[in-house]
2 protein chains.
Amino acid sequence: MTYQLHYWPSIQGRGEFVRLALEAAGADYVDVARKPPSKGGGAALMKKLHDPANPRASFAPPFLVDGDRVIGQTAAILLYLGPRLGLAGSSEADALWAHQLQLTIADVATEAHDTHHPLSIGSYYEEQRDAALVRAEDFRNQRIPKFLGWFEEALRRNPAGDRHLVGGALSYADLSLFQLVAGLRYAFPKATRRAMTKLPRVARLHTNVARLARVRAYLQSPRRIAFNEDGIFRHYPELDG
Amino acid sequence: MTYQLHYWPSIQGRGEFVRLALEAAGADYVDVARKPPSKGGGAALMKKLHDPANPRASFAPPFLVDGDRVIGQTAAILLYLGPRLGLAGSSEADALWAHQLQLTIADVATEAHDTHHPLSIGSYYEEQRDAALVRAEDFRNQRIPKFLGWFEEALRRNPAGDRHLVGGALSYADLSLFQLVAGLRYAFPKATRRAMTKLPRVARLHTNVARLARVRAYLQSPRRIAFNEDGIFRHYPELDG
């Protein structure tokens, strides 16, 4: 069965955590909204989101369709896909730990988004730039080191070794931490470089994930959308201090 | 086995979603940090959080201890407890839908917190009040109606009837939606009253949950901490428009 991922076709955004898991596992999937409109792409995304025939419609993209199942919320999609793709460790405890890591990554992503939209999601960045400068300073100085330091410690404490977050094998939590670091490096290159000097395990994990054959092929393909100023991680130099 | 909940002892906060599930199920649990310091309460919370012997320490409270398991992130705790407490429906699909609802409630809670702390989590409200006024206006006018309207629609579309969010029985998603409405009514009484006039199913669910015998007993007990201006939902009249 082909998985259908429904997400904005022009950004990495939250959907990228799901794309990376599907790509790293070599799963059979289609990124529906990136198809031409005649094949369900483009504006059909919102129509599908609000499909009145779906009793369990999601609040927002991304959502995954697997047969008659429709699942929304990025972390819930990965909770569902993880064991099916072999990316959630080898026990219930591992799966829950992978999920807990993902939820913490989701918290960082939300805070990263708030740096450029601290006052209103519906207004432009330029209208809330002064507030963004203050929020971004706090994020750079307090939150990035605290969050990434926690992941460094989680790697350090892993009884199965410090190359993975969950047991001794790749999980979607590793893929998502790779994506988080990639996003922070794009949005806050100076602040992230400073923070990473104290985070050798996180830095190595980021490098190692990028070298995985399927991940590397994906990152070099046109399927990987470039970071841009419509997504979660946006590079506004003034927000990097 | 007695569940141990570890959370800030003076606020409802995110821990309240877990407390409500444990209380509604009549579970055997202890709210550890509310005990006297001699019994592990008070400042021992942070010591326990950072316990170097725990290879899977949480980023922040709340966390749940069940035997040798330590689980952090509110939604992950409820994912774990849901089936064990009989509060997650009757199938894998139900459990995932309950979780998806919980993750969306968590999103609203984060945005509600951002209304009084739009610029920095580490600074006082009074230092970011001007920004808070702008953020709160957006939250009241755009986000509360959009989020609560989505829950109304989820109830309306439930094939098992519009009195529950997951199938035909109580789930932790119902309890959490009760708590969300209670929090919004405390923090934004005027805006929430306006929104609720169009949300009869959400309003009825809120009333019905409060009438459940165990929930009612809990709400009337000293175990229920009152809303206050240290939690997620804070009543600053100026933020209610």
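Mentor: First, the term we need: helices and strands are DSSP runs, at least four residues of H or I for a helix and at least two of E for a strand, numbered from the N terminus. Keep in mind that this is a predicted model. Its scores are ipTM 0.97 and pTM 0.98. Chain A has an average pLDDT of 96, and 100% of its residues reach at least 70.

Start with the prolines. In chain A, the peptide bond from Pro61(A) to Pro62(A) is cis, and its omega is near 0°. Pro62(A) sits in the loop that runs between α2 (44–49) and β3 (63–66) of chain A. Now turn to chain B. Pro61(B) and Pro62(B) are joined by a cis peptide bond, with omega about 5°. Pro62(B) belongs to the loop between α2 (44–49) and β3 (63–66) of chain B.

Next, the glutamines. Gln73(A) is not a glycine, yet its phi is positive, near 75°. Its loop lies between β4 (69–72) and α3 (74–85) of chain A. Is Gln73(A) buried or exposed? Count the C-beta atoms: 27 others fall within 10 Å of Gln73(A). The cut-off for buried is 20 or more, so Gln73(A) is buried. In chain B, Gln73(B) also has a positive phi, near 75°, without being glycine. Gln73(B) is found in the loop between β4 (69–72) and α3 (74–85) of chain B. With 27 other C-beta atoms within 10 Å, Gln73(B) is buried.

Now the sheet to which the chain A loops lead. In chain A, four strands form an open sheet in the order β2-β1-β3-β4, and the pairing is mixed. The edges are β2 (29–31) and β4 of chain A; each has a single partner strand, so one side of each lacks a neighbour in the sheet. On average, neighbouring strands here are turned by 20° against each other, ignoring direction. Look at one pair in detail. Strand β1 (residues 3–6) of chain A runs parallel to β2(A), and three bridges join them. Gln4(A) has Val30(A) as its bridge partner in β2(A).

In total, 33 residues of chain A contact 33 residues of chain B. On the chain A side, β4, α3, α4 (92–116) and α5 (129–157) each give two or more residues. The largest share, nine residues, comes from α4(A). By class, that side of chain A has 17 nonpolar, ten polar and six charged residues.

Finally, a helix pair in chain B. Helix α6 (residues 172–187) and helix α8 (residues 200–211) of chain B pack at about 105°, with axes 9 Å apart. Angles of 65 to 115 degrees count as roughly perpendicular, and α6(B) and α8(B) are therefore roughly perpendicular to each other. On α6(B), the contact uses Asp174(B), Leu175(B), Leu177(B), Phe178(B) and Val181(B). On α8(B), it uses Val202(B), Leu205(B), His206(B), Val209(B) and Ala210(B). The contact of α6(B) with α8(B) comprises eight nonpolar, one polar and one charged residues.

Key:
Residues are numbered from 1 along each chain as its sequence is written. Chains are lettered from A and ligands numbered from 1 in the order in which they are written. This is a predicted model: local features need pLDDT of at least 70, side-chain atom pairs count only at pLDDT 80 or more; totals for chains, interfaces and linings use all residues. A residue is buried if 20 or more other C-beta atoms lie within 10 Å of its own, exposed if 12 or fewer, and partly exposed in between; C-beta atoms are placed from the backbone. Two strands pair if DSSP finds at least two bridges between them. Axes are lines fitted to C-alpha atoms, for helices over the stretch in contact, and angles run from 0 to 180 degrees between N-to-C directions. Angles under 35 degrees count as roughly parallel, over 145 as roughly antiparallel, 65 to 115 as roughly perpendicular and the rest as oblique. Two residues are in contact if their C-beta atoms, placed from the backbone, lie within 7 Å. Ala, Val, Leu, Ile, Met, Phe, Trp, Tyr, Cys and Pro count as nonpolar, Asp, Glu, Lys and Arg as charged, and the others, Gly among them, as polar. pLDDT is the predictor's confidence in each residue, from 0 to 100.
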